Amino acid sequence: MVDVASPVQQFTHDIAITAEDKDEELVLGRLEDFFSSPAFTSALGDFMREHASGIQIRSISEEQPPEMMGIYQAYQEVVEEQLEHFLRFEAMSAEEVSRACLTAQQDPDKAWMSCIDYLVAAVDFEQFLHLLADFRRIEDCDSTGLESSLETLRVESVCNSILEIVEQAKALANEEDEEELQ
């Protein structure tokens with residue numbers, strides 16, 4: 001026999017979030033808002049343009065240029081300064097933020113959160129290198145021209161649509177030929 005919960009039991013179960021879980025959700029929401037704010041994205045963009053534009057990024061398995069560690073430390077300082085501002089403004093402790101981030105890292109539904117990526121990159125050199133590489137890819141796309149990239153996508157989309165129509169026409173013609181043979 002299948003145990004079926006009543007609607008009231010299901011509702012009670014669904015809202016039975018502990019105070020700690022609710023606090024972590026609030027912390028993550030506020031943290032994501034802050035890391036998505038123009039203040040943070042401008043600080044990060046300025047840092048990346050200043051430090052990442054001219055540096056050679058090698059494969060993670062390779063030895064990095066000597067100046068890379070200095071850039072990493074400068075990134076850590078930028079994130080730390082921004083995080084301290086967030087903690088003061090929100091009247092939160094570093095422990096609350098840390099606990100919420102650790103919980104979020106274990107939850108696949110929160111994998112999209114950029115705040116986690118930025119914080120992890122500040123404590124993990126390999127993740128920092130990934131962040132730099134991502135920035136460079138975006139920068140390279142911008143330098144080749146977004147309009148050019150969009151035009152290429154439009155052309156590919158039209159070609160794919162034409163090919164799809166041709167395939168549908170062939171399939172329809174084959175169906176008609178089969179009907180005539182019967």
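**Note on an all-helix predicted model**

1. Glu32 sits in helix 2. The relative accessibility of Glu32 is 10%, so the residue counts as buried, the limit being under 20%. Beyond its neighbours within four places in sequence, Glu32 is in contact with Trp112, Met113, Ser114 and Cys115.

2. One of these contacts is polar. The side chains of Glu32 and Ser114 are joined by a polar contact of 2.9 Å. Ser114 belongs to helix 6. With a relative accessible area of 17%, Ser114 is buried. Residues up to four places away in sequence aside, Ser114 touches Glu32 and Ser36.

3. Helix 6 deserves a point of its own. The helix covers residues 114-123, and eight of its 10 residues are buried, so helix 6 is largely enclosed by the rest of the structure. The buried residues are Ser114, Cys115, Ile116, Tyr118, Leu119, Val120, Ala121 and Ala122.

4. Leu119 is another residue of helix 6. At 14% relative accessibility, Leu119 falls under the 20% limit and therefore counts as buried. When residues up to four places away in sequence are not counted, Leu119 touches Leu31, Phe35, Val79, Leu83 and Cys101. A separate pair to check is Leu119 and Gln76: they are 43 residues apart in sequence, while their C-alpha atoms are 8.8 Å apart in space.

5. In soluble globular proteins, nonpolar side chains tend to be buried together. The largest nonpolar core of this model has 39 residues, and Leu31, Phe35, Tyr75, Val97 and Phe128 are those with the most contacts inside it. At least two residues of this core come from each of helix 2 (19-35), helix 3 (38-51), helix 4 (67-90), helix 5 (94-105), helix 6 and helix 7 (125-144). Helix 4 supplies the largest share, 10 residues.

6. Neighbours within four places in sequence left aside, Phe128 is in contact with Met68, Ile71, Tyr72, Tyr75 and Ala121. Of these, Ala121 is one of the buried residues of helix 6.

7. Helix packing comes next. Two packed helices are described by the angle between their axes and the distance between the axes. For helix 3 and helix 4 the angle is about 170°, and the axes are 11 Å apart. An angle over 145 degrees counts as roughly antiparallel, so helix 3 is roughly antiparallel to helix 4. Helix 3 makes the contact through Ala39, Phe40, Ala43, Leu44, Phe47 and His51, and helix 4 through Ile71, Ala74, Tyr75, Val78 and Gln82.

8. Some totals for the protein remain. The secondary structure amounts to eight helices and zero strands. Of the 182 residues, 28% count as buried. The accessible surface is about 12,900 Å², and carbon and sulfur atoms hold 55% of this area. Among contacts with a separation of 6 or more, 74% are between residues 24 or more positions apart.

Technical notes
Residues are numbered from 1 along each chain as its sequence is written. This is a predicted model: local features need pLDDT of at least 70, side-chain atom pairs count only at pLDDT 80 or more; totals for chains, interfaces and linings use all residues. Side-chain values use heavy atoms; hydrogens and water are left out. Buried means under 20% relative accessible area, exposed over 50%, partly exposed in between (1.4 Å probe, protein chains only). Helices (H or I, at least four residues) and strands (E, at least two) are DSSP runs, numbered from the N terminus. A nonpolar core is a set of buried Ala, Val, Leu, Ile, Met, Phe, Trp, Tyr and Cys residues joined through side-chain atoms within 4.5 Å. Contact means heavy atoms within 4.5 Å. Accessible areas come from the Shrake-Rupley method with a 1.4 Å probe; for residues, only the protein chains shown count as cover. A polar contact is a pair of N or O atoms within 3.5 Å; within protein, one must be able to donate a hydrogen and the other to accept it, and residues adjacent in sequence count only if both atoms are side-chain atoms. Axes are lines fitted to C-alpha atoms, for helices over the stretch in contact, and angles run from 0 to 180 degrees between N-to-C directions. Angles under 35 degrees count as roughly parallel, over 145 as roughly antiparallel, 65 to 115 as roughly perpendicular and the rest as oblique.
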